Amino acid sequence: MAASPAAAAAAATVSSFVSPSSFSSVKASKPDRLRPARRAAAVNVRCVSSPPATETSFKTKVPRNANMAKLQAGYLFPEIARRRAAHLLKFPDAKIISLGIGDTTEPIPDVITNAMAERAHALSTVDGYSGYGAEQGEKKLRAAIAATYYADLGIEETDIFVSDGAKCDISRLQVLFGSNVKIAVQDPSYPAYVDSSVIMGQTGLYQEDVQKYGNIEYMKCSPENGFFPDLSSVPRTDIIFFCSPNNPTGAAASRDQLTKLVKFAKDNGSIIVYDSAYAMYISDDNPKSIFEIPGAKEVAIETASFSKYAGFTGVRLGWTVVPKELLFSDGHPVAKDFNRIVCTCFNGASNISQAGGLGCLSPEGLKAMSDVVGFYKENTKIIVDTFTSLGFNVYGAKNAPYVWVHFPGRNSWDVFAEILEKAHVVTTPGSGFGPGGEGFVRVSAFGHRENIIEAARRLKQLYK
């Protein structure tokens, strides 16, 4: 069936971070070299800032939010999904293996789904029904999070705000901070930090020559500096977004490095937004929480999530810690304003999801989550061994479900296209995470074991 004109126009829209190289410029291998599989459904939805229609019968008098026009067209992962769908149209029998977006693949453990099912069934009874809950989350779950992840760190259940995920809380935090702040981000970093800053009006225009937005401080994190920025060269900003283990590089900050970061924030009167979404993957003595660092409660907020521990990417459940000790410049508690934002913008996480969260934090649930994390870390080892055997420099992986592979002198989107065209494997181009990611691709360890092994075979065949 022919695509509609609107769909064709959307498919032709290319964001500024996409390489000019097209898939047709890469010679693809014959599809019969790979196992056939069921054809996946095409992905037609893009998170994209679309240009206005050339013809319309009516226009309102409402001006467009000028900040939306600053965005560089498509958000990274929907753009990857679009390219994947285009590849399937070209190779309809290809068995594509997706190691791109960090989406979990393994079933949620029974001890967790049973807890959700019990709560769901209770909703059909008079005694078990509940409607709106506390916007901050159920008291029992907040207490369990505090006891499990912040014991002896001085974090109390009232400091914890349960949510529908860390990504959502990042945007709520941006609403809290407002438009008159300047942020710093690791470069490369999770794109939601920058994009939400643009939407809030915190930034200047996108600068094509350096691939950066004005009024954002990009803190270079590379193999040369151990993926930790040289703070002595970083100007003061109001907010510092910092993710450890880092997405996409997989690097986990050491205790000494985080101590330096906290001191840097204190010296500058800044607030750290610490994204600990992958903390459970840490297998050495690196801190799993910023609050393990003395003084952090006075300068830091921490976001976290069950998504990559329990497979809750679709269930949606996370939390944010805003310590009572954290104050704005006028002495007003940050937590009070965040509570106001939450109560205005959010009706609380699903009661069924929160029951799942309690299941996660039971002794059996913690063991089950540890097993799931262990499975993905085994996948990571397979990917690392594959690229290492081919002579590539590989980073991350030890404390994260991501492998950061260096392709010196190559354009990240060209490498992405090459691997997709010739091996039918989806990765993520490093430049999508910021200019510091150019020349790298991120390979996710989220996948069924047989798919990871097959992807490794194809990559060895491609780069042998």
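A crossing of two helices is called left-handed if the near helix is turned anticlockwise from the far one by less than a right angle, and right-handed if clockwise. The helices (H or I, at least four residues) and strands (E, at least two) named below are DSSP runs, numbered from the N terminus.

The structure is a predicted model, in which local features need pLDDT of at least 70 and side-chain atom pairs count only at pLDDT 80 or more, while totals for chains, interfaces and linings use all residues. Residues are numbered from 1 along each chain as its sequence is written, and side-chain values use heavy atoms, with hydrogens and water left out.

## The chain as a whole

The chain contains 14 helices and 15 strands. It has 464 residues, of which 51% count as buried (under 20% relative accessible area, with exposed meaning over 50% and partly exposed in between; 1.4 Å probe, protein chains only). If we look at the contacts (heavy atoms within 4.5 Å) in the chain with a separation of 6 or more, 76% of them join residues 24 or more positions apart.

The buried residues of H11 are Asn351, Ser353, Gln354, Ala355, Gly356, Gly357, Gly359 and Cys360. What covers these buried residues includes helices H4, H5, H9 (307-310) and H12, together with strand E2 (160-163).

Axes are lines fitted to C-alpha atoms, for helices over the stretch in contact, and angles run from 0 to 180 degrees between N-to-C directions.

| Helix pair | Angle | Axes | Crossing |
|---|---|---|---|
| H4 and H11 | roughly 145° | come within 8 Å | right-handed |
| H5 and H11 | about 35° | 10 Å apart | left-handed |

In the second pair, Lys140, Leu141 and Ala144 of H5 meet Gln354, Gly357 and Leu358 of H11, and the contact of H5 with H11 has 3 nonpolar, 2 polar and 1 charged residues.

## The sheet of seven strands

Strand E2, which was named among the cover of H11, also belongs to a sheet. Two strands pair if DSSP finds at least two bridges between them. An open sheet of 7 strands, with mixed pairing, has the order E2-E10-E9-E8-E7-E3-E6. Strands E2 and E6 (216-220) lie at the edges, each pairing on one side only, and the twist from one strand to the next averages 20°. H5 packs on this sheet, touching E2 and E10, and its direction makes about 115° with that of E2.

E2 and strand E10 (residues 318-321) pair in the antiparallel sense over 4 bridges, and here Ile160 stands opposite Val321 of E10. Strands E8 (residues 271-275) and E9 (residues 300-305), by contrast, pair in the parallel sense over 4 bridges, with Glu302 of E9 as the bridge partner of Tyr274. Although E2 is an edge strand, both of its faces are covered, with Ile160 and Val162 buried on one side and Phe161 and Ser163 buried on the other.

## The sheet of four strands

A further open sheet has 4 strands in the order E11-E12-E15-E14, and its pairing is antiparallel. Its edge strands are E11 (394-396) and E14 (428-429), each of which pairs on one side only. Helix H12 (residues 363-389) packs on this sheet, touching E11, E12 (402-406) and E15, and the direction of H12 makes about 10° with that of E12. E14 and strand E15 (residues 440-444) pair in the antiparallel sense over 2 bridges, and Val441 in E15 is the bridge partner of Pro429.

## A buried loop residue

Thr203 is found in the loop between helix H7 (191-200) and strand E4 (206-207). With a relative accessibility of 7%, Thr203 counts as buried. Leaving aside neighbours within four places in sequence, Thr203 is in contact with Lys70, Ser197, Val198, Tyr213, Gly214, Asn215 and Ile216.

Notes:
Ala, Val, Leu, Ile, Met, Phe, Trp, Tyr, Cys and Pro count as nonpolar, Asp, Glu, Lys and Arg as charged, and the others, Gly among them, as polar.
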